[in-house]
Each structure stands twice: as C-alpha cells, then as structure tokens.
2 protein chains.
Amino acid sequence: MRVPGCVFCDGDAGVVVHRAGGFRIVRADEPGFPAFYRVVADGHVAEFTDLDDAARLRCMACVAAVERALRSVLAPRKINVASLGNVVPHLHWHVVARFDDDRCFPAPVWSLPLRDDAAPLIERLRAALPALDAAVASAAAAADLH
Amino acid sequence: MRVPGCVFCDGDAGVVVHRAGGFRIVRADEPGFPAFYRVVADGHVAEFTDLDDAARLRCMACVAAVERALRSVLAPRKINVASLGNVVPHLHWHVVARFDDDRCFPAPVWSLPLRDDAAPLIERLRAALPALDAAVASAAAAADLH
C-alpha cells in the first residue's frame, strides 16, 4: 500500500544503499549526523508487529547489517537504534553511529544540541561515507543470504 | 558478565514480568509514562550485534511480544521502540505506548515535555497496569514457544 503525502511512500527518502525483501536501507541526510541510516519498509505499515514473522526477521537482519558496518568502519562510541514513527507512521528504523563529540551525545539525536563544536567529527564522518555506504551494502547483501 | 555499578547488572531495574532465554521484560518506572517496558539482556553486552543470531531473534521476539500486548490492551496511537544505551551501555530495548495526549507526543519520550495536562491519561494507564503486565507476560510466554 502507498499513501500519498507520506515521505516514505512518495520517494526513497535518502540515498538507497540496499534494497531487498520489502525493505530498503537508505542513508539519511540529517544535519549534524552524517552516519545516519534508515531501514525503511517499502509498504506503508505503521508498527513492527504489523509485519509477519518472516518480514520482521528480514527487517532486523537489515538493522543488524547496518549496525555491523557502522561499527566496523567507524568504531563509534555507541549505536542507537529506534523505530518511533510518531510524525510519520510508516515503519522505519533509525540506525545511527554516536560519538562522544557528536552534537547531542549522550542524549538522543532528537534532543537539543549539547555542543556546537562537532564540525571536525562531521567532516571526518562525511569523508568516510563512500566506504561506509559500501560496507553497509556489503553487510546487507551478506544478510540476504541467511 | 556482570559489571558492578551498571543499573542493569546490579538489579532487575524494574518490575519483572517475564524472564527467559537470557532476557527479561521489566516494567519501568518512568515519570509520565506508565506504559513503559524494557527488554533487558541479562548479560552485560553493549550492542545488538554483540548478540549471536539466536539471541537477537529471542530479543526481538520479546520486543514484539511487548508491542503486541501494548497494542492489544491500550490501542495506543503509536509504539516507540528504541535501543540507545548512551548512558548505560548494557543492551536494553525501550518499548513504549504513545498517545496524542501524553506529555511529549509526537516528540520522543526523552524530549522536553510539550504539555502538562497528561494526568488523566497517566491515571488511566496506571489503572491498566495489572492487565497490561498480564498481557505482556502472556504474549512473551507465547513467543517462547516459537
């Protein structure tokens, strides 16, 4: 099902790095957080438990693949994973690499910024994006095999 | 592994409603959000991908069970699911029922309150907690069978 006006139905909502099994992995364009990916259901379902068992497994295999790639390439302080959807109720999982010197750490990325000196980190992360996209795609392709 | 000083190692960190397969489901005591559960790894691991494949499946089966129970008993506007752990890097998934009139909706529960008239909702949710705990325990037990 497609819902006109839903940002995740109207387009990919990010740079697609992998697509398979009813889900796509996109790199989001979130100010201040370059290493920010989303696992998005192609269909317009609101909740994780709107998926059947097999789809939930595929979904979390994608989430785990992104997490593995982020850890492997960036060695972040922490990975944050979340499915909220309060504003856009189309299932999407945020998978974000967090760093001591990112602009909100240790608060969630949706919080007010705690510091304004994150530019060096952002620059370093942006430089890593081609390698990161490739690592995410590779990890996701490997996950498809399971 | 147990890490002294970690709130999820030192105790259950909530009212335990289910425990099996290396995870416990606890009802948290979060001000303003009575319908707030956590799926907590018994062992001190930081990241979702620190779990092996089978443990990740058990973990998300618990998350899905909590979500099903919350939806069934409360019919919330949205379910929020998140694994952050920036402050306490011991794997725990927040599973929270959200409502239009909760104090932060549609912002994440970690945001500054948007309204101060959530008392009626909170009272209604608190009254539902015994039924909710029972529904979560029942859904989790059913998930163990898979």
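Where is B:Ala13 found in chain B? I looked this up first, and B:Ala13 is found in the loop between α1 (7-10) and β1 (15-20) of chain B.

**Entry: the model**

I note that this is a predicted model. Its scores are ipTM 0.96 and pTM 0.97. For chain A I read an average pLDDT of 96, with 99% of the residues scoring at least 70. I keep in mind that where pLDDT is low, the predicted coordinates should not be read in detail.

**Entry: positive phi**

I went back to B:Ala13 for its backbone. B:Ala13 is not a glycine, yet its phi is positive, about 60°. I then checked its accessibility: B:Ala13 has a relative accessible area of 28% and is therefore partly exposed.

In chain A I looked at A:Ala75, which also is not a glycine and has a positive phi of about 45°. I find A:Ala75 in the loop between α2 (53-74) and β4 (78-83) of chain A. Is A:Ala75 buried or exposed? Its relative accessibility is 61%, so I record A:Ala75 as exposed.

**Entry: cis peptide bonds**

I looked up the bond from A:Phe105 to A:Pro106 and found a cis peptide, with omega near 5°. A:Pro106 sits in the loop between β5 (92-98) and α3 (119-144) of chain A.

In chain B I find a cis peptide bond between B:Phe105 and B:Pro106, with omega about 5°. B:Pro106 is placed in the loop between β5 (92-98) and α3 (119-144) of chain B.

**Entry: nonpolar core**

How many residues does the largest nonpolar core have? I read 72 residues, and those with the most contacts inside it are A:Leu70, A:Trp93, B:Leu70 and B:Trp93.

I took B:Leu70 and listed what it touches, leaving out residues up to four places away in sequence. Its partners include B:Ala35, B:Tyr37, B:Ala75, B:Pro76 and B:Ile79. B:Val95, B:Val96, B:Ala97 and B:Leu132 are also among the residues that B:Leu70 touches.

**Entry: largest pocket**

I read about 990 Å³ of space in the largest pocket. It is lined by 38 residues, and the closest to its centre are A:Arg56, A:Leu57, B:Asp53, B:Arg56 and B:Leu57. The elements that give two or more residues to this lining are α2 and α3 of chain A, together with α2 (53-74) and α3 of chain B.

Which element gives the largest share of the lining of the largest pocket? I find that α2(A) does, with ten residues. By class I noted 24 nonpolar, four polar and ten charged residues in the lining of the largest pocket.

**Entry: second largest pocket**

The second largest pocket has a volume of about 380 Å³. Of its 21 lining residues, I note A:Arg38, A:Val87, A:His92, A:His94 and A:Trp110 as the closest to its centre. Two or more lining residues come from each of α1 (7-10), β3 (36-41) and β5 of chain A. The lining of the second largest pocket has 14 nonpolar, four polar and three charged residues.

**Entry: B:Ala41**

I find B:Ala41 in strand β3 (residues 36-41) of chain B. Its relative accessible area is 3%, under the 20% limit, so I call B:Ala41 buried. Apart from neighbours within four places in sequence, B:Ala41 is in contact with B:Gly22, B:Phe23, B:Arg24, B:His90 and B:Leu91. I also checked B:Ala41 against B:Ala75: they are 34 residues apart along the chain, and their C-alpha atoms are separated by 27 Å.

**Entry: B:Cys6**

B:Cys6 is in the segment before α1 of chain B. Between the C-alpha atoms of B:Cys6 and B:Ala141 I read 27 Å, at 135 residues apart along the chain.

**Entry: A:Ala142**

I place A:Ala142 in helix α3 of chain A. A:Ala142 has a relative accessible area of 36%, so I count it as partly exposed. From A:Ala142 to A:Cys62 I read 9.9 Å, C-alpha to C-alpha, with the two 80 residues apart in sequence.

Note on methods:
Residues are numbered from 1 along each chain as its sequence is written. Chains are lettered from A and ligands numbered from 1 in the order in which they are written. This is a predicted model: local features need pLDDT of at least 70, side-chain atom pairs count only at pLDDT 80 or more; totals for chains, interfaces and linings use all residues. Side-chain values use heavy atoms; hydrogens and water are left out. pLDDT is the predictor's confidence in each residue, from 0 to 100. A nonpolar core is a set of buried Ala, Val, Leu, Ile, Met, Phe, Trp, Tyr and Cys residues joined through side-chain atoms within 4.5 Å. Buried means under 20% relative accessible area, exposed over 50%, partly exposed in between (1.4 Å probe, protein chains only). Contact means heavy atoms within 4.5 Å. Helices (H or I, at least four residues) and strands (E, at least two) are DSSP runs, numbered from the N terminus. On a 1 Å grid over the protein atoms alone, a cavity is a set of points where a 1.4 Å probe fits but cannot get out, and a pocket is an open set with protein on both sides within 12 Å along at least five of seven lines; lining residues have an atom within 4 Å of a point. Grid points are joined across faces, edges and corners, and a volume is the space filled by probe spheres set on the points. Ala, Val, Leu, Ile, Met, Phe, Trp, Tyr, Cys and Pro count as nonpolar, Asp, Glu, Lys and Arg as charged, and the others, Gly among them, as polar.
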